[in-house]
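Please open the structure in a viewer and keep the sequence at hand. The stops below say what to select next and what is found there.

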Amino acid sequence: LMNQAEERYERVAIVIPCYNESATLGSIVSACRRFGTVIVVDDGSSDNSAEIARQHGGTVVRTTGRTGYDGAIEHGLRTAYSDGFQIIITIDADGEHDPKLVKDFIQAHDAGADLVIGIRPKPQRIAEWIVCLFCEYRFGVKDILCGMKGMTRSVLKLYLSEDHTNLVNTWPALLWRSKNGNLTQIDVTGTPRQDAPRFQSLIRANLKIAAMLFTISKLPKPRT
């Protein structure tokens, strides 16, 4: 008989988008693989991130090149869904999300939550504060821009049934909430990165996040 650890490993995927994160990736992959299959999405890294991921027990999938954070997340979610995983958890590669919290996300899913979203101590950018405040008011989500999220197949099935870009890893969650889908939120801690984000500059990130409001505002507010 399959023991509990093996069963969890078979049904849980942890998706890690990665672009040149060799300094921190190894420890993140090692910690996460205790809880499930780790899928590292290499978005055209020029360092040895892919090699490090494999050395620490991760499965590496590659995008078509520099697709950015949205593209890497999208590729990882679709891969995990196609591979039949029941629970898919996203976590960043830079250490800002404590990988030990993956266990708490799994427990929340086991308790019946289809969507689990992390809550960071505070948003990092001005535009994030604005988007997060709007989404808390509109959808009851306190930190929609936290990169650590957990989704069941039901959440991803709804998202994949529509042809819409996954805006900064938010659209599956927002679409689910707009349809009155259930939600659990968990405080997330970690180590703030000391260097510049890999995927995009601060200015570009602020502009992109601020521009999301127009699209997000089109989604209906949940009835409950």
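Helices (H or I, at least four residues) and strands (E, at least two) are DSSP runs, numbered from the N terminus. The expected span of a helix is 1.5 Å times one less than its number of residues. This is a predicted model, in which local features need pLDDT of at least 70 and side-chain atom pairs count only at pLDDT 80 or more, whereas totals for chains, interfaces and linings use all residues. Residues are numbered from 1 along each chain as its sequence is written, and side-chain values use heavy atoms, with hydrogens and water left out.

**First stop: the helix α4**

Select α4, residues 68-82. This helix has 15 residues, and its first and last C-alpha atoms are 21 Å apart, close to the 21 Å expected at 1.5 Å a residue. Buried means under 20% relative accessible area, exposed over 50%, and partly exposed in between (1.4 Å probe, protein chains only). Eleven of the 15 residues of α4 are buried, so the helix is largely enclosed by the rest of the structure. Among the buried residues are Y69, I73, L77 and Y81, together with D70 and E74. Step just past the end of α4 to G84, where phi is positive, at about 90 degrees.

**Second stop: the sheet**

Now display the strands. Two strands pair if DSSP finds at least two bridges between them. Seven strands form an open sheet with mixed pairing, in the order β3-β2-β1-β4-β6-β5-β7. At the edges stand β3 (59-62) and β7 (184-187); each has a single partner strand, so one side of each is left without a neighbour in the sheet. On average, neighbouring strands are turned by 20 degrees against each other, direction ignored. Axes are lines fitted to C-alpha atoms, for helices over the stretch in contact, and angles run from 0 to 180 degrees between N-to-C directions.

Zoom in on β5 and β7, which run parallel and are joined by four bridges. I119 has D187 in β7 as its bridge partner. Then bring α4 back into view: it packs on the sheet and touches β1, β2, β3, β4 (87-90) and β6 (149-152), with its direction at about 160 degrees to that of β1. Contact here means heavy atoms within 4.5 Å. The helix α7 also packs on the sheet, touching β4, β5 and β6, and its direction makes about 85 degrees with that of β6.

Select β2, residues 37-42. Six of its six residues are buried, so β2 is largely enclosed by the rest of the structure. T37, I39 and V41 point one way, V38, V40 and D42 point the other way, and all are buried. In a regular strand the side chains alternate between the two faces of the sheet. β2 pairs with β1 in the parallel sense over six bridges, and A13 stands opposite T37.

Go on to D43, in the loop between β2 and α3 (49-55). Its relative accessibility is 0%, so D43 counts as buried. The side chain of D43 makes a polar contact with the side chain of R66, at 2.6 Å. A polar contact is a pair of N or O atoms within 3.5 Å; within protein, one must be able to donate a hydrogen and the other to accept it, and residues adjacent in sequence count only if both atoms are side-chain atoms.

**Fourth stop: the nonpolar cores**

A nonpolar core is a set of buried Ala, Val, Leu, Ile, Met, Phe, Trp, Tyr and Cys residues joined through side-chain atoms within 4.5 Å. Which residues have the most contacts inside the largest core? They are I144, L145 and I216, in a core of 38 residues. Elements that each supply at least two residues include β1, β2, α4 and α9 (202-216). The largest share, six residues, comes from α4. Apart from this core lies another, of 29 residues, among them C32, A93, A113 and I186.

Select N20, in the loop between β1 and α2 (22-32). N20 has a positive phi of about 55 degrees although it is not a glycine. Most residues other than glycine have a negative phi. N180, in the loop between α8 and β7, also has a positive phi, near 70 degrees.

Is T191 buried or exposed? At 53% relative accessibility, T191 counts as exposed. T191 lies in the loop between β7 and α9. T191 and E96 are 95 residues apart in sequence, yet 4.7 Å apart in space, C-alpha to C-alpha.
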